[in-house]
Amino acid sequence: MTENVVQSQARGKEVRITIRRPDNRNALNREVADGIMAAICAAERDSDCRVIVLTGEGERAFCAGGDIKAGADGGPFVQDPADPDHFAGRLFETIQACRKPTIARINGVAMGAGAGIICACDLAVMADHARIGTPEVKVGLFPMTIVPPMMRVLPRRRLMEMFITGVPLTAEEALQFNLVNYVTDAAGLDDKVAELVVQIAAQSPSAIRLGKYACHAMEDMTYPQQMRFAETLLPRVAQTEDAREGFDAFIEKRKPEWTGR
């Protein structure tokens, strides 16, 4: 059943993971989260994949948040309070820990968990008609699970305004507050994503992999700890095959041929 709600498709150097619940505005439930996580794990093992793109089907919604309609399993009402582990939190952690670059292709509204997915990704490209919001307060809830990924991207005051008013951001506001990297019209969305994929795929996979690991690890360190960690990791990067190839290609004035090792 997971394949019906999440599609993973190889597109050259890109693997595109698409939520396929357009009738439910691509709302998140356990099946969707499991499908995305499985697709990410498969893409990480695929040596041809250099970039992972996450999106929703259609132009209406990227992901409208957790599925909270009656009988659905996407909201907090079905969660066991004695077992606080939630599939949305595991999904955000899986995206953020992914060893390959991730791009959120925001084709429509992104609410609640959809905003969390965007913030867990490395880059984000947004259609100008889309909106990003956290409307949970309007139904007497607070978006607890998406606080961690969103706190790493947005300034505190802007984030609190979103949380306690429930008012969504326009595409222009999302760009202004650095929630997304680029805003395009709907027709240009795929062109901008493709441009980023080409730019990323031209770089060293091993440098990106180690660099992502370092950036995430250093987020919770003090400044002196960050410096010591960086100094320790730099020789490891320099000892990779890609680093040697990069230096040789620079000296020989040619394009490098990356092995990813």
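Helix 9 comprises 14 residues and extends 20 Å from its first C-alpha to its last, close to the 20 Å expected at 1.5 Å a residue; the expected span is 1.5 Å times one less than the number of residues. Helices (H or I, at least four residues) and strands (E, at least two) are DSSP runs numbered from the N terminus. The model is predicted, so that local features need pLDDT of at least 70 and side-chain atom pairs count only at pLDDT 80 or more, whereas totals for chains, interfaces and linings use all residues. Residues are numbered from 1 along each chain as its sequence is written, and side-chain values use heavy atoms, with hydrogens and water left out.

The buried residues of helix 9 are Pro205, Ser206, Leu210, Lys212, Ala214 and Met218, where buried denotes under 20% relative accessible area, exposed over 50%, and partly exposed in between (1.4 Å probe, protein chains only). These buried residues pack against helix 3 (87-97), helix 10 and helix 11, contact being defined as heavy atoms within 4.5 Å.

Nonpolar cores were identified as sets of buried Ala, Val, Leu, Ile, Met, Phe, Trp, Tyr and Cys residues joined through side-chain atoms within 4.5 Å. The largest such core has 51 residues, and those with the most contacts inside it are Ile17, Leu28, Ile36, Ile106, Ile117, Ile132 and Met150. Helix 2 (residues 30-45) gives the most to this core, contributing seven residues. A second, separate core of ten residues includes Val53, Val125, Ala127 and Leu196. With neighbours within four places in sequence set aside, isoleucine 117 is in contact with Leu54, Phe62, Cys63, Leu91, Phe92 and Ile95.

Rings of Phe, Tyr and Trp (its six-membered ring) were paired if their centres lie within 6.5 Å, with planes under 30 degrees apart counted as stacked, over 60 as edge-to-face and the rest as tilted. By this rule there are two aromatic pairs. Phenylalanine 142 and phenylalanine 163 form an edge-to-face pair, at 5.3 Å centre to centre and with 65° between the planes. This pair links distant parts of the chain, 21 residues apart: phenylalanine 142 belongs to the loop between strand 8 (131-133) and helix 5 (147-151), and phenylalanine 163 to helix 6 (residues 156-165). Phenylalanine 142 is partly exposed, at a relative accessible area of 32%, whereas phenylalanine 163 is buried, at 1%. The rings of tyrosine 213 and phenylalanine 229 have centres 6.0 Å apart and planes at 50°, and the pair is therefore tilted. Tyrosine 213 in helix 9 (residues 205-218) and phenylalanine 229 in helix 10 (residues 223-238) are 16 residues apart.

Strand 1 (residues 6-11) and strand 2 (residues 14-19) run antiparallel and are joined by six bridges; strands are taken to pair if DSSP finds at least two bridges between them. Within this pairing, glutamine 7 stands opposite threonine 18. The two strands form a hairpin with two residues between them, and glycine 12 in the turn has a positive phi of about 70°.

Positive phi values also occur in residues other than glycine. Asparagine 26 has a phi near 55°, lies in the loop between strand 2 and helix 2, and is buried at 0% relative accessibility. Lysine 253 has a positive phi of about 55° and is found in the segment after helix 11 (241-252); this lysine 253 is exposed, with a relative accessible area of 76%.
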